[in-house]
Amino acid sequence: MTQATLAQIGSALRQHHRFAVLSHVRPDGDALGSQLALTLSLQLLGKEVTVWNEDGLLEKYDFLPGGARLTQPPPEPQDFDVAVALDTATQNRLGLAGEAVRHAKTWINIDHHHSNPGYGDLVYIDPNSPATGQILFELIQDQQLPIDPAIAENLFVAISTDTGSFQYPNTTARTFEIGADLVRGGVDVGRVSRLLYENYPRRRTELLRELLGTMRFEARGQIASFSLSREVAGKLGIRPEDNEGLIDHLRAIRGVIVAVFFEELADGKVRVSMRSKNEAIDVSAICQKFGGGGHKLAAGARVRGTLTEVEERLLQAICEVIDCSDQRPPG
Ligand code: AMP
Ligand code: MN
Ligand code: MN
């Protein structure tokens with residue numbers, strides 16, 4: 001796989017006409033913000049753009065400019081000149097959206113997951129970038145693609161959500177420079193942050209109460225986890241997006257190095273979310289052993305088995321890299 005340049009991607013975007021802009025299942029702010037930012041920019045270039053996500057536009061993100069354009073893919077594939085996959089570590093994480101564009105002539109893959117194998121014809125992966133939205137900003141600036149306040153707001157949401165509001169270690173001086181440019185470009189930080197972080201449905205906090213009831217610690221407090229059964233999710237009427245960010249309550253505990261969230265899914269699998277606070281503990285390597293992936297400090301997987309089985313297997317795998325014995329080693 002050879003990495004494309006921003007210039008090659010820029011010229012492909014200018015040259016072709018019919019685009020599909022996609023991102024991963026269970027989308028987060030980076031996925032949806034990136035999709036809508038690129039869609040709006042291509043639209044200003046006069047392109048025909050379709051924007052699909054298997055899960056559609058989540059209620060939580062329905063304030064995003066252009067959001068009404070984002071829909072769920074149809075069952076039958078359609079023809080496109082170019083399919084653009086954003087923020088999606090493996091092609092099958094596009095889910096049904098990937099199926100619906102399988103006849104696209106050219107595939108562009110823009111992402112920041114180091115586990116991304118580089119599928120597609122034009123591949124631009126920057127694992128040092130904290131968000132796909134940051135790469136898109138660089139592309140737009142470098143290639144002088146259209147940007148307006150609506151695009152800026154989508155990029156700001158993408159970057160803010162993937163950096164934990166400009167807090168995680170992947171946040172660099174460049175990230176703040178881009179943040180400043182986006183604010184100058186029309187983003188109302190107070191308003192966007194209120195919509196993102198102070199506008200949750202009550203059931204999300206009720207979910208947190210349930211999760212804290214299942215909280216457990218291993219390795220003398222270095223591993224913290226909690227889990228969500230389908231029964232509790234059903235009782236509270238939980239939507240998939242409700243649990244985004246709840247794992248941060250575990251990560252925030254002093255002494256915790258690895259935080260894990262287990263969620264029982266309908267298909268006999270368990271969704272695993274993992275976070276690390278220590279560069280030496282690479283949770284994406286642990287998740288890759290179970291068919292998942294992600295970043296060193298934030299990763300995930302979907303693992304077949306019951307909640308209890310998957311919890312035990314994953315915790316054991318973490319104990320291979322963190323000493324889980326009860327006693328501190330002497331000395
Ligand atoms: P999450 O815990 O769902 O917020 O995901 C954390 C990171 O891991 C994100 O960057 C995801 O793209 C990645 N990730 C989550 N689940 C998977 C999976 N099943 N396969 C590959 N990467 C994943
Ligand atoms: Mn994402
Ligand atoms: Mn991302």
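## Ligand 1 and its surroundings

Let's start at the ligand: one nitrogen atom of ligand 1 sits 3.3 Å from a polar backbone atom of glycine 293. That makes it a polar contact, meaning a pair of N or O atoms within 3.5 Å, where within protein one atom must be able to donate a hydrogen and the other to accept it, and residues adjacent in sequence count only if both atoms are side-chain atoms.

Mind that this is a predicted model, where local features need pLDDT of at least 70 and side-chain atom pairs count only at pLDDT 80 or more, while totals for chains, interfaces and linings use all residues. Residues are numbered from 1 along each chain as its sequence is written, chains are lettered from A and ligands numbered from 1 in written order, and side-chain values use heavy atoms, with hydrogens and water left out.

Histidine 113 puts an N or O side-chain atom 2.8 Å from an oxygen atom of ligand 1, and for arginine 275 the corresponding distance to a ligand oxygen is 2.9 Å. On its own the ligand would expose 480 Å², and the protein buries 84% of that (areas are Shrake-Rupley values with a 1.4 Å probe; for residues, only the protein chains shown count as cover). Helices (H or I, at least four residues) and strands (E, at least two) are DSSP runs, numbered from the N terminus.

How many residues surround ligand 1? There are 14, and the closest are His113, Arg271, Ser273, Arg275 and His295; to be near, a residue needs a heavy atom within 4 Å. Strand β12 supplies the largest share of this shell, with five residues. By type, the shell splits into three nonpolar, seven polar and four charged residues. Here Ala, Val, Leu, Ile, Met, Phe, Trp, Tyr, Cys and Pro are nonpolar, Asp, Glu, Lys and Arg are charged, and the others, Gly among them, are polar.

## Cysteines and burial

The structure holds one disulfide, that is, a pair of cysteine sulfur atoms within 2.5 Å. Its partners are cysteine 319 and cysteine 324, with their sulfurs 2.0 Å apart. The angle about the S-S bond is -85 degrees, giving a left-handed link. Why does cysteine 287 stay out of a bond? Its sulfur is 15 Å from the closest cysteine sulfur, that of cysteine 319, so the gap is too far for a bond.

| Residue | Relative accessible area | Class |
|---|---|---|
| Cysteine 319 | 30% | partly exposed |
| Cysteine 324 | 21% | partly exposed |
| Cysteine 287 | 0% | buried |
| Arginine 203 | 18% | buried |
| Tyrosine 124 | 18% | buried |

Arginine 203 belongs to helix α8 (residues 202-213), and its side chain makes a 2.5 Å polar contact with that of aspartate 242. Tyrosine 124 is part of strand β6 (residues 122-125). From tyrosine 124 to threonine 39 is 85 residues in sequence and 18 Å in space, C-alpha to C-alpha.

## Helix α2

Helix α2 (residues 29-44) has 14 of its 16 residues buried, so the rest of the structure largely encloses it. After α2 comes glycine 46, with a positive phi near 90 degrees.

Methods:
Buried means under 20% relative accessible area, exposed over 50%, partly exposed in between (1.4 Å probe, protein chains only).
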